[in-house]
Amino acid sequence: MSLCCLYACLWLLYHAPMPRRTIAQFREERAEGQAKLLACDHLGVKRFLRLDSATYEEGSALPARTKELLGLVASAVLRCNDCIDYHLEQCVRLGYSRDEIIDALNVALVVSGSIFIPHFRHAVQSLDELERERDESRA
């Protein structure tokens with residue numbers, strides 16, 4: 001394969017649209033997957049999941065609300081769309097404004113660089129859905 005073809009393939013991969021699913025689809029798939037994960041009944045898995053939950057609880061130096069925003073930024077830097085959706089949902093539930101969330105995601109952009117841009121797009125689309133859902137439930 002020539003270098004020119006390699007660059008063309010890489011460009012196409014980078015600019016290819018990312019598969020998109022709705023927040024409702026994410027929740028459904030996450031619940032199904034979580035149930036299967038818990039059904040493994042493995043002590044190490046159980047311990048890790050408990051540690052993960054405990055990390056975001058009140059009772060330490062940082063408020064749970066702050067930890068969720070940190071979780072969002074860490075997930076964004078790692079470019080995990082499922083993780084981004086999960087933490088976005090928590091941040092919206094905890095009352096973060098759109099501006100606060102976008103500002104936090106900007107930190108992830110600066111840390112990650114342009115490779116985060118497709119995930120930033122995903123995050124904004126998910127945020128739109130979550131805000132629309134929140135607004136409809138208030139009406």
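My entries below go through a helix, a cysteine pair, a helix pairing and a histidine.

**Before I start.** I'm working with a predicted model here.

**Helix 4.** I started with the length check. Helix 4 covers residues 64–77, and at 1.5 Å a residue its 14 residues should span 20 Å. I got 20 Å between the end C-alpha atoms, so the two agree. Next I looked up which residues of helix 4 are buried. My list reads Ala64, Lys67, Glu68, Leu69, Gly71, Leu72, Val73, Ser75 and Ala76. I noted that Lys67 and Glu68 are among them. What do these buried residues pack against? I found helix 3 (43–55), helix 5 (81–93) and helix 6 (98–112). Just past the end of helix 4, I came across Arg79 with a positive phi of about 60°.

**Cysteines.** How many disulfides does the count come to? I get one. It joins Cys80 to Cys83, with the sulfurs 2.4 Å apart. That passes because the cut-off for the sulfur pair is 2.5 Å.

**Helix 6 and helix 7.** I wanted the geometry of this pair. The axes come within 11 Å and cross at roughly 165°. Angles over 145 degrees count as roughly antiparallel, so that is how helix 6 and helix 7 run relative to each other. I logged the crossing of the pair as right-handed. Which residues meet there? From helix 6 I have Arg98, Ile101, Ile102, Leu105, Asn106 and Leu109. On the helix 7 side they meet Ile117, Phe120, Ala123, Val124, Leu127, Asp128 and Glu131.

**His122.** What is His122 in contact with, once neighbours within four places in sequence are left aside? I noted Arg20, Asn81 and Asp85. Asn81 and Asp85 fall in the 81–93 range of helix 5.

Terms used: Residues numbered from 1 in each chain as written. Predicted model: local features only at pLDDT ≥ 70, side-chain atom pairs only at ≥ 80, totals over all residues. Heavy atoms only, no water. Contact = heavy atoms within 4.5 Å. Helix = DSSP H or I, 4+ residues; strand = E, 2+ residues; numbered from the N terminus. Expected span 1.5 Å × (residues − 1). Buried < 20%, exposed > 50% of the residue type's maximum accessible area, 1.4 Å probe, protein only. Axes fitted to C-alpha atoms, helices over the stretch in contact; angles between N-to-C directions. Parallel < 35°, antiparallel > 145°, perpendicular 65-115°, else oblique. Left-handed = near helix turned anticlockwise from the far one by under 90°.
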